[in-house]
Every structure is written in structure tokens, then in C-alpha cells.
Amino acid sequence: MALLYPLYSGAKVVGAVLGLSVALLLFASNASAEDKAPSTLRDEIFARKILMDSIDEHLDAIDWIVSAGGQIDLARATEHADTISIMLLAFPHLFPPDTNQWQPNVKRDPARDTFASPELWKNFSDFYRQAAAASRLAFAASRTKRQADFMEKVEALRNACAACH
């Protein structure tokens, strides 16, 4: 993480590293897809849905702050952007290959089954690159000191997120 964000320090780095470590411990396994219980695969899918929803909630919070008009509470807005940048670093790690459960014409549970395109796993390095780029945009937004710069960077972040959907 230091290579991506040399400016990160303190409690946020410790929290991010601990959070990522816990996630990796929970989801990392040497077992093949056949050895994993279906509920474990569904739990991994559910975890990434929760993380994606949390990222969206932080983007919504930024929208609420910005929609008030006039001068925005830049400290609050940049805190949300900072949290998003950390979440996006962990996000691609919640897509292990065995969670590619896509099957055409099958009824899926929106809460527990994947809707991720199988193309994601065919070009995972591109997905990983896009998540890292979006994380860097959120990080840059979190470090801005001017409202106009923040608005520009958040717009770029939204566009980056929309590119995957």
C-alpha cells in the first residue's frame, strides 16, 4: 500500500491493513471451488456486495454534502472520499476465481448470488487496474484543499465507477 499511497500514515493505514488482513484471512483458502461449501462462495459474494453498497453510501453522502449548495463541508466530504479509496483497494480481492458463478437463464438471489459478468475474471488484471485507478482518484479527492478540485475529482471517480457497471 505504501507504493500506491506514500502519504497514508497513522490510524487509517493501520485500520485499512487490519481490515484487509481480516478479509483476506476470512476469504483466502487453498481449497478449490469443488472443495468449498456453496455457502462459503455465497458468503464471499455477499461480502463484496456489502462493500460495494458501502462505497455507494459514501458516494451518496458526498452527494448530499455537495447538494446543499454554496460552500461545502470539505472536511466531511474528503473523509468520505478517503474511506472510499481504502475500500476500493480491498474490493478486487473479494473476487476470487471460484466466485464466478454466472450461469445464463438461471434465477439468482439478488442478495447472495453474483451478477458480476464472467468477463471480469477473463480479464481480471484490467478489473484490478480499474479498481486501483478509482482508488487513486478517491485518494486524490480526499487530499484536495479547494472545493472546485474536489468536485472535479469526485466527478472523475463517479465516471470510473460507472465504467464497470
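In the predicted model, Arg108 is placed over the face of Phe115, with a distance of 4.5 Å to the ring centre.

Contacts between aromatic rings were examined next. A search of the whole structure gives six aromatic pairs. One of these is formed by Phe95 and Trp121, whose ring centres are 6.1 Å apart. The planes of Phe95 and Trp121 meet at 50°, so the pair is classed as tilted, since planes under 30 degrees apart would count as stacked and those over 60 as edge-to-face. The pair joins distant parts of the chain, as Phe95 and Trp121 are 26 residues apart. Phe95 belongs to the loop between helix 3 (74-90) and helix 4 (119-122), whereas Trp121 is part of helix 4. Phe95 has a relative accessibility of 5% and therefore counts as buried. Trp121 is also buried, at a relative accessible area of 15%; the cut-off for this class is under 20%.

Phe95 also pairs with Phe127, and here the ring centres are 4.9 Å apart. The planes of Phe95 and Phe127 stand at 70°, so this pair is edge-to-face. Distant parts of the chain are again linked: Phe95 lies in the loop between helix 3 and helix 4, and Phe127 lies in helix 5 (residues 124-142), 32 residues apart. With a relative accessibility of 10%, Phe127 counts as buried.

Phe95, Trp121 and Phe127 are members of one aromatic cluster, which also contains Phe91, Phe124 and Tyr128.

Key:
Residues numbered from 1 in each chain as written. Predicted model: local features only at pLDDT ≥ 70, side-chain atom pairs only at ≥ 80, totals over all residues. Heavy atoms only, no water. Phe/Tyr/Trp six-rings, centres within 6.5 Å; stacked < 30°, edge-to-face > 60°. Helix = DSSP H or I, 4+ residues; strand = E, 2+ residues; numbered from the N terminus. Buried < 20%, exposed > 50% of the residue type's maximum accessible area, 1.4 Å probe, protein only. Lys NZ or Arg CZ within 6 Å of the ring centre and 35° of its normal.
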